[in-house]
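Q: Got a model open here and a couple of things to ask about it. Can we go through them one at a time?

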Amino acid sequence: MALVNVKTKEVKVKIVYYGPGRGGKTTNLEYINNTYRNQIKSEMVSLKTQDDRTLFFDFLPFDIGRIKGFKVIIQLYTVPGQVKYNATRRLVLKGVDGIVFVADIQKFQRKRNIESLNQLYENLKTHNLDLFELPLVMQYNKVDLANKGEDVIPTKILQQDLNSVLRVPAFEASALGGGNVMKTLKKIISMTLASIQDQLF
Amino acid sequence: MFNQEQLNAIDTIIKSHLIDSGVENVIYIDLAGNSITQHDNGNSTLDYMAFAALAAGNFAAVDAMAKLIGESEFSLLFHKGEKSSIHFSKVTEDTILITMFPKTISLGIVRLKVAKVVTEINEICSA
Ligand SMILES: Nc1nc2c(ncn2[C@@H]2O[C@H](COP(=O)(O)OP(=O)(O)O)[C@@H](O)[C@H]2O)c(=O)[nH]1
Ligand SMILES: [Mg+2]
């Protein structure tokens, strides 16, 4: 649940990028951090392993102006994608307000995407949260690989695998070059803010 | 969620018990990593938001470790540095208080003052 501070007139919103390891979650945050560096006051924090994999989380906070007199601070997190880190993934989901699910469209990742989404559902349940009620955006990442002749999963299949029941907004993206990174971000921010509107009086 | 009076009272408690005793920084956060309020002795350049996110992660990780070995929680969480140290204390079910203090102040004093702050904040919450 978003933290509303009536004294400082601030709202802090937590958005988590979730998905299988190597899908491009950290790359999304790095792109946002590099593109908006001069508008972001805090440093991006990344807790990584020695081989540059996310160990705990990445963290990137920034302001997006005022709504109903409240200063809105968006705090982006990523989870560690590796299978063995599920306990840490669950910790990062604590207090989440909105989720971007970053799927990897490479063919050999098809099963991992589905497993990761199922695990997200289970992990949220441990916090008494329901994936079907949270703001959620799908991102099908690495579309650039299709042009390079790599074996990728067609968007239609991804929609069937991941989004046929949830039916949330979905974007094809190429986080490495920034393609649709901001579109994904704007969508999840607007959905999340809409969902917490009634917490602001 | 705290109302305005509660937040004012919490600020007063933190200032009078901790900042006025020579503590460098105090951050009161929720377990999701949001800072609720922060205070310093006037010469701090700490990045509070990053600190709060890391502190919540650290606390949550240690808490999860405690559960794994069958402890309900570790009552003392403390990191000692060359010049300053950091003390963590659970305040309510989902908030923690983090105190940074110089080596001129003893851990014993900090624990005593933090215990007072914890009691008083809990009184405010239940009032
Ligand atoms: N070709 C391509 N590679 C990408 C894209 N996004 C991320 N990657 C690469 O995929 C790898 C894993 O990305 P990372 O952001 O660390 O994944 P995470 O585990 O989900 O955080 C890195 O080598 C990235 O450079 C993309 O849009 N296209
Ligand atoms: Mg990562």
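Q: What do the buried residues of α3(A) pack against?
A: This is a predicted model. In it, the buried residues of α3(A) pack against β2 (10-18), α2 (86-92), β6 (98-104), β7 (136-141) and α5 (155-163) of chain A.

Q: Which residues of α3(A) are buried?
A: They are A:N113, A:S116, A:L117, A:L120, A:N123 and A:L124. Viewed down the axis of α3(A), these buried residues lie within an arc of 125°, so they line one face of the helix.

Q: Why would residues three or four places apart point the same way?
A: An α-helix has 3.6 residues a turn, so residues at that spacing point the same way.

Q: How many residues does α3 of chain A have, and what is its reach?
A: Helix α3 of chain A has 17 residues, 110-126. From first C-alpha to last it reaches 25 Å, close to the 24 Å expected.

Q: What about just after α3(A), where A:N128 sits: what phi does it take?
A: A:N128 takes a positive phi of about 60°.

Q: Changing topic. Where is A:Q139, and is it buried or exposed?
A: A:Q139 is in strand β7 of chain A. It is buried, with a relative accessible area of 0%.

Q: Which side chains does the side chain of A:Q139 make a polar contact with?
A: One is that of A:N28, at 2.8 Å. Another is that of A:T184, at 3.0 Å.

Q: What else is A:Q139 in contact with, leaving aside neighbours within four places in sequence?
A: Its contacts include A:V100, A:F101, A:V102, A:A103, A:F171 and A:V181. As for A:A170, its C-alpha is 5.6 Å from that of A:Q139, with the two 31 residues apart in sequence.

Technical notes:
Residues are numbered from 1 along each chain as its sequence is written. Chains are lettered from A and ligands numbered from 1 in the order in which they are written. This is a predicted model: local features need pLDDT of at least 70, side-chain atom pairs count only at pLDDT 80 or more; totals for chains, interfaces and linings use all residues. Side-chain values use heavy atoms; hydrogens and water are left out. Helices (H or I, at least four residues) and strands (E, at least two) are DSSP runs, numbered from the N terminus. The expected span of a helix is 1.5 Å times one less than its number of residues. Buried means under 20% relative accessible area, exposed over 50%, partly exposed in between (1.4 Å probe, protein chains only). The arc is that of the directions from the helix axis to the C-beta atoms. Contact means heavy atoms within 4.5 Å. A polar contact is a pair of N or O atoms within 3.5 Å; within protein, one must be able to donate a hydrogen and the other to accept it, and residues adjacent in sequence count only if both atoms are side-chain atoms.
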